[in-house]
Amino acid sequence: MRLRGTLQKESQRRLQEVVKCLDRMNKGNNNTCIVLLSPESMSIVSSPGGFNEAQAWATLTTVCPDGLGVFSQLRIESMQDNRIGLEVEASLLVLALKSADAGEQTTIKLRNKDGRALLSFEIITQSIPMMTVIQDVPVKVLSAQQVDSVQEPAAADSPTVRLMSPPIKSLCTVVERLKCLDQRILLRGNMNGELEIG
């Protein structure tokens, strides 16, 4: 099993905001999230109450010719149709992505050290002299059965409404304020482009 990818600078910040939002949603609960990687997409799944409860999904394109993917280069090899599933603590992933902010280039590798699986962030800094900082995030590699069991929840077939959300920082701020009122937050959208949060 191999994973090596170079993060795009702008996408790295977007990925950091997504993971930070999922981390905030999980505070006080199970703080792990599942990262599903394939050559086409990267999904981050959070389910604080277990996978029979509500889930939060974020799916991003891994490599895109127009430069909008998460990675500028990506190599994934596995015996599971080149899919890799990782269970990782969201807060540690946020810290590693924050460290990558100061870097010129960040490469992510899946490696094994002393019998433990690690997601290694190799960050080349802009300082003079150039330095390489390595930040290891412990992960649990999921088996093929575990990866297959994590399925995106089915949505109702109709009506289909696609919403473009406001900037994730703004949305997280509103969710943080509402979180103290109740454990559940209702998002409601309509065909007029309106989004209600309550």
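Q: Is D114 buried or exposed?
A: Keep in mind that this is a predicted model. The cut-off for exposed is over 50% relative accessible area. D114 comes out at 76% relative accessibility, so it counts as exposed. Its place in the chain is the loop between β7 (103-113) and β8.

Q: What about the backbone of D114?
A: Check phi there: D114 isn't a glycine, yet its phi is positive, at about 55 degrees. D81 also has a positive phi of about 55 degrees, and again it is not a glycine. That one belongs to the loop between β5 and β6, and with a relative accessible area of 67%, D81 is exposed.

Q: Which backbone atoms does the side chain of S78 reach?
A: One is the backbone oxygen of R83, at 2.8 Å. Another is the backbone nitrogen of Q80, which lies 3.2 Å from a polar atom of the S78 side chain. S78 sits in the loop between β5 and β6. Buried means under 20% relative accessible area, so S78 counts as buried at 15%.

Q: On to the strands, then. How do I read a sheet?
A: The general idea is that strands of a sheet pair through backbone hydrogen bonds, either parallel or antiparallel.

Q: How many bridges join β2 to β6?
A: There are 6, between residues 32-37 of β2 and residues 84-89 of β6, and the two strands run antiparallel. To find your place, look for V35, which stands opposite L86 in β6.

Q: Now the empty space. How is that found?
A: Rolling a probe the size of a water molecule over the atoms shows where empty space is left. Here the structure holds 2 cavities of 30 Å³ or more. The largest cavity has about 90 Å³ of space, and of its 13 lining residues, V35, M42, L93, I108 and L119 are the closest to its centre.

Q: What does the lining of the largest cavity consist of?
A: By class, it's 13 nonpolar residues, with no polar and no charged ones. At least two lining residues come from each of β2, β6, α2 (90-100) and β8 (116-125).

Q: And which residues line the second largest cavity?
A: They are C21, R24, M25, C172, V175 and E176. α1 (9-26) and α4 (168-179) are the elements giving two or more residues to that lining. The space amounts to about 30 Å³, and the lining has 4 nonpolar, no polar and 2 charged residues.

Q: What is the volume of the second largest pocket?
A: About 190 Å³. Its lining includes L36, W57, R83 and E152, with β2 and β3 (41-46) as the elements that supply two or more residues. Sorted by class, the lining residues are 6 nonpolar, 4 polar and 2 charged.

Technical notes:
Residues numbered from 1 in each chain as written. Predicted model: local features only at pLDDT ≥ 70, side-chain atom pairs only at ≥ 80, totals over all residues. Heavy atoms only, no water. Pairing = 2+ DSSP bridges. Helix = DSSP H or I, 4+ residues; strand = E, 2+ residues; numbered from the N terminus. 1 Å grid on protein atoms, 1.4 Å probe; cavity = no way out; pocket = protein on both sides within 12 Å on 5 of 7 lines; lining within 4 Å. Points joined across faces, edges and corners; volume = space filled by probe spheres on them. Nonpolar A, V, L, I, M, F, W, Y, C, P; charged D, E, K, R; others polar. Buried < 20%, exposed > 50% of the residue type's maximum accessible area, 1.4 Å probe, protein only. Polar contact = N/O pair within 3.5 Å; in protein donor to acceptor, adjacent residues only side chain to side chain.
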